[in-house]
Amino acid sequence: CVKVRDHAGSLAWVEKRVLSSKRYVMVTVAQATVRQAPEQSAAVAFQVAQNVALEWLAASGGGWTRVRHQDGSTGFVRATEIWGDE
């Protein structure tokens, strides 16, 4: 078993075999805007509703995180709009 913490801070034990080898983050704001480049002025790639999980691809620096949506779309989201990037 592995101890995990959720976005609300609760701890739980989960069987390791049910965990994915991929890392995910969760949107914590009402709607997050994912951009094509790690800057506020970049074109919008897509938008995501609160509590949607996105695959974490990389920390981009400057407060941005590169993510992938389950439909395959990728882009950059502000680290302050997601949980699980620390």
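User: Where does Glu55 lie?
Analyst: Glu55 is part of strand β6, which covers residues 53-61. Bear in mind that this is a predicted model.

User: Is Glu55 buried or exposed?
Analyst: Glu55 counts as buried, because its relative accessibility is 12% and the cut-off for buried is under 20%.

User: And what is Glu55 in contact with, leaving aside neighbours within four places in sequence?
Analyst: Its contacts are Lys22, Arg23, Tyr24, Arg66, Val67 and Arg68.

User: Which strands is β6 joined to, then? Start with β3.
Analyst: Strand β3, residues 24-27, runs antiparallel to β6, and three bridges join them. In that pairing Met26 stands opposite Ala53 of β6.

User: How many bridges join β6 to β7?
Analyst: Five, and these two strands also run antiparallel, with β7 taking in residues 64-68. Gly61 stands opposite Trp64 in β7.

User: What do β6 and β7 form?
Analyst: A hairpin, with two residues between the strands. Gly62 sits in the turn and has a positive phi of about 65 degrees.

User: Changing topic: how much space lies in the largest pocket?
Analyst: About 410 Å³.

User: Which residues line the largest pocket?
Analyst: The lining is made up of Val4, Arg5, Asp6, Leu19, Ser20, Ser21, Lys22, Arg23, Tyr24, Trp83, Gly84 and Glu86. Lys22, Arg23 and Tyr24 are also among the contacts of Glu55.

User: How many of the lining residues are charged?
Analyst: Five are charged, with four nonpolar and three polar residues alongside them.

Technical notes:
Residues are numbered from 1 along each chain as its sequence is written. This is a predicted model: local features need pLDDT of at least 70, side-chain atom pairs count only at pLDDT 80 or more; totals for chains, interfaces and linings use all residues. Side-chain values use heavy atoms; hydrogens and water are left out. On a 1 Å grid over the protein atoms alone, a cavity is a set of points where a 1.4 Å probe fits but cannot get out, and a pocket is an open set with protein on both sides within 12 Å along at least five of seven lines; lining residues have an atom within 4 Å of a point. Grid points are joined across faces, edges and corners, and a volume is the space filled by probe spheres set on the points. Ala, Val, Leu, Ile, Met, Phe, Trp, Tyr, Cys and Pro count as nonpolar, Asp, Glu, Lys and Arg as charged, and the others, Gly among them, as polar. Helices (H or I, at least four residues) and strands (E, at least two) are DSSP runs, numbered from the N terminus. Buried means under 20% relative accessible area, exposed over 50%, partly exposed in between (1.4 Å probe, protein chains only). Contact means heavy atoms within 4.5 Å. Two strands pair if DSSP finds at least two bridges between them.
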